[in-house]
Amino acid sequence: MTGPEGADDLREAAHPGAGEVTATVIVNAPAGRVFAALTAWERQSEWIPFTTVRVIEGDGGEGSLVEAVTTVGPAVLRDEMRVVQVDPPYEVRVVHCGRLLRGPGVLRCTQLERDRTQVVWHEWFHLPGGTAGRVAWPVLWPGSKFGLTQALKKFARLVEQGRLP
């Protein structure tokens with residue numbers, strides 16, 4: 001995705017799609033620590049089920065390419081994300097730019113009173129499969145939201161226990 005053609009592809013993928021999912025969790029830790037744990041890309045494998053995450057280009061900051069591979073039985077889903085904005089300790093923006101998963105995403109940390117931080121993970125996916133994808137989304141969405149929420153709850157526990165970042 002380098003060069004003008006890759007830039008056009010990234011711009012296209014950056015537009016929000018019709019599939020939207022949001023999950024939120026409160027973490028009993030300061031925003032700086034929570035943000036550091038969220039952006040420790042390869043450690044996401046510890047709290048996102050069935051998923052291995054690695055930085056395949058760059059240092060994990062802006063411009064980096066991050067790959068998340070989720071494997072459940074024989075099914076393998078490869079998700080490539082370009083990190084497009086990092087504003088520590090508040091926000092990181094990505095664009096999913098793979099063949100199947102495409103669209104923007106944002107992780108936000110909002111410091112609450114004392115050492116509590118609200119994390120909001122929001123994704124807007126382009127739905128594959130045309131009409132069939134749009135029809136299937138209402139069936140798939142609850143599972144997506146549930147899975148994302150459970151992952152964030154595990155993330156919160158690991159941060160609170162001092163096991164992340």
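This is a predicted model: local features need pLDDT of at least 70, side-chain atom pairs count only at pLDDT 80 or more; totals for chains, interfaces and linings use all residues.
Residues are numbered from 1 along each chain as its sequence is written, and side-chain values use heavy atoms, with hydrogens and water left out.

The chain has three helices and seven strands; those are DSSP runs, H or I of at least four residues for helices and E of at least two for strands, numbered from the N terminus. Reading from the N terminus, you get α-β-α-β-β-β-β-β-β-α.

Now the sheet. Seven strands make an open, antiparallel sheet, in the order S1-S7-S6-S5-S4-S3-S2. Pairing here takes at least two DSSP bridges between two strands. S1 (19–27) and S2 (51–57) sit at the edges with a single partner strand each, so one side of each has no neighbour in the sheet.

Let's look at one pair. S4 (residues 75–87) and S5 (residues 91–97) run antiparallel, joined by six bridges, and Arg82 stands opposite Val95 in S5.

What lies across S1, S4, S5, S6 and S7? That's helix H2, residues 31–38.

Last, the whole chain. Of its 165 residues, 41% count as buried, meaning under 20% relative accessible area with a 1.4 Å probe, protein chains only. Accessible surface, by the Shrake-Rupley method with a 1.4 Å probe, comes to about 8,800 Å², and 56% of that belongs to carbon and sulfur atoms.

Definitions and conventions. Contact means heavy atoms within 4.5 Å. Axes are lines fitted to C-alpha atoms, for helices over the stretch in contact, and angles run from 0 to 180 degrees between N-to-C directions. Buried means under 20% relative accessible area, exposed over 50%, partly exposed in between (1.4 Å probe, protein chains only).
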